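Have the model open while you read, and follow along residue by residue.

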Amino acid sequence: MRKYERCHQALHLWGKWGRNLCTPVSCPGERLGGRNACFSSGAIWSRGKHTDLRPHSSSLPAEYRQYLDHEVALSEDMVHKYSDLILAKINKTICELRRLFLVQDLVDSIKFAVLMWILTYVGALFNGLTLLILGLVAVFSCPIVYEKHQAQIGSQLEPCLWNAS
C-alpha cells in the first residue's frame, strides 16, 4: 500500500472513531503530492467524521438536518462587497511592495531586506508545515497565557500602547 493511501485510510478512520490524534500532523502535504491532496484528505476526513458509522442509513439526526435545511447560497451583494475588500487589500499590498522594492524610503527598504534575510534562516531551520503547526499551537495557547497573566502583560503593554497613539 502506498504512503498516501495509508494516510487517506488513517484520516478516514480517525474521522470515524477519533482514536489517533496525531494522524493529520504526520501527513504533510509534501508527501501527499501537494495542496490538492491535502484538500482531498481533509474532505475525506470530514466525510468520514460526519457519517457517524452509518454509511447506508437514510435517517439523519436532528443536529444534521438543520444544516441541510439551511440556505447556503451567496448573494451578489455579499460577493461584490468582499471582492471589493479583497481588491482594495491587494492593491494596497502591491503599492506597499512597489514602495519597498523600488526604495522610496531607504529605512523601510532596509528593514524589509533584513526581515527577508532573517526569514531565509527561519525557512532553512523549519519546514512550512512545522511553522503552521507552531502557529496553530500559539493561537490556542496565547489566550490562555494572557488570561492567567493578564495583570502582568497589561502593565507591560500599557506604555507601548500610549506611545503608539
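1. Start at Gln104, which sits in the loop joining H5 and H6; helices here are DSSP runs of H or I with at least four residues, strands are E runs of at least two, and both are numbered from the N terminus. Gln104 is exposed, at a relative accessible area of 64%. For that scale, buried is under 20% relative accessible area, exposed is over 50%, and partly exposed falls in between, with a 1.4 Å probe and protein chains only. A word on the source: this is a predicted model, where local features need pLDDT of at least 70 and side-chain atom pairs count only at pLDDT 80 or more, while totals for chains, interfaces and linings use all residues. Residues are numbered from 1 along each chain as its sequence is written, and side-chain values use heavy atoms, with hydrogens and water left out.

2. What does Gln104 touch, once its neighbours within four places in sequence are set aside? Its contacts (heavy atoms within 4.5 Å) are then Arg99 and Ser109. Ser109 belongs to helix H6 and is buried, with a relative accessible area of 10%. With the neighbours within four places again left out, Ser109 is in contact with Arg99, Leu100, Val103 and Gln104.

3. Val103 deserves a look of its own. This residue is in the loop between H5 and H6 and has a positive phi of about 50 degrees, although it is not a glycine. Val103 comes after H5 and is partly exposed, at 43% relative accessible area.

4. Now H5 itself. The helix has 26 residues and reaches 37 Å from its first C-alpha to its last, close to the 38 Å expected at 1.5 Å a residue. The expected span is 1.5 Å times one less than the number of residues in the helix.

5. How many aromatic pairs are there? The count comes to two, where rings of Phe, Tyr and Trp (its six-membered ring) pair if their centres lie within 6.5 Å, and planes under 30 degrees apart count as stacked, over 60 as edge-to-face and the rest as tilted. Phe101 and Phe112 have ring centres 5.3 Å apart and planes at 85 degrees, so this pair is edge-to-face. Because Phe101 lies in helix H5 (residues 76-101) and Phe112 in helix H6 (residues 106-125), the pair ties together parts that are 11 residues apart in sequence.

6. Trp117 counts as exposed, with 53% relative accessibility.

7. Next, the annotation. An unreviewed UniProt entry places the feature "transmembrane region" at residues 125-146; UniProt positions follow the numbering used here, feature names are shortened, and annotations may be inferred rather than shown by experiment. In the model, residues 125-146 are 91% helix and 0% strand, and the end C-alpha atoms are 28 Å apart.

8. Helix H7 covers residues 128-148, which is 21 residues, and reaches 30 Å from its first C-alpha to its last, close to the 30 Å expected at 1.5 Å a residue. Where is the kink in H7? A kink of about 30 degrees lies at Ser141, shortly before the proline Pro143; the bend at a residue is the angle between axes fitted to the seven residues ending there and the seven starting there.

9. Finally, the whole chain. The protein chain has eight helices and zero strands. Buried residues make up 12% of its 165 residues. Of the contacts between residues at least 6 apart in sequence, 47% join residues at least 24 apart.
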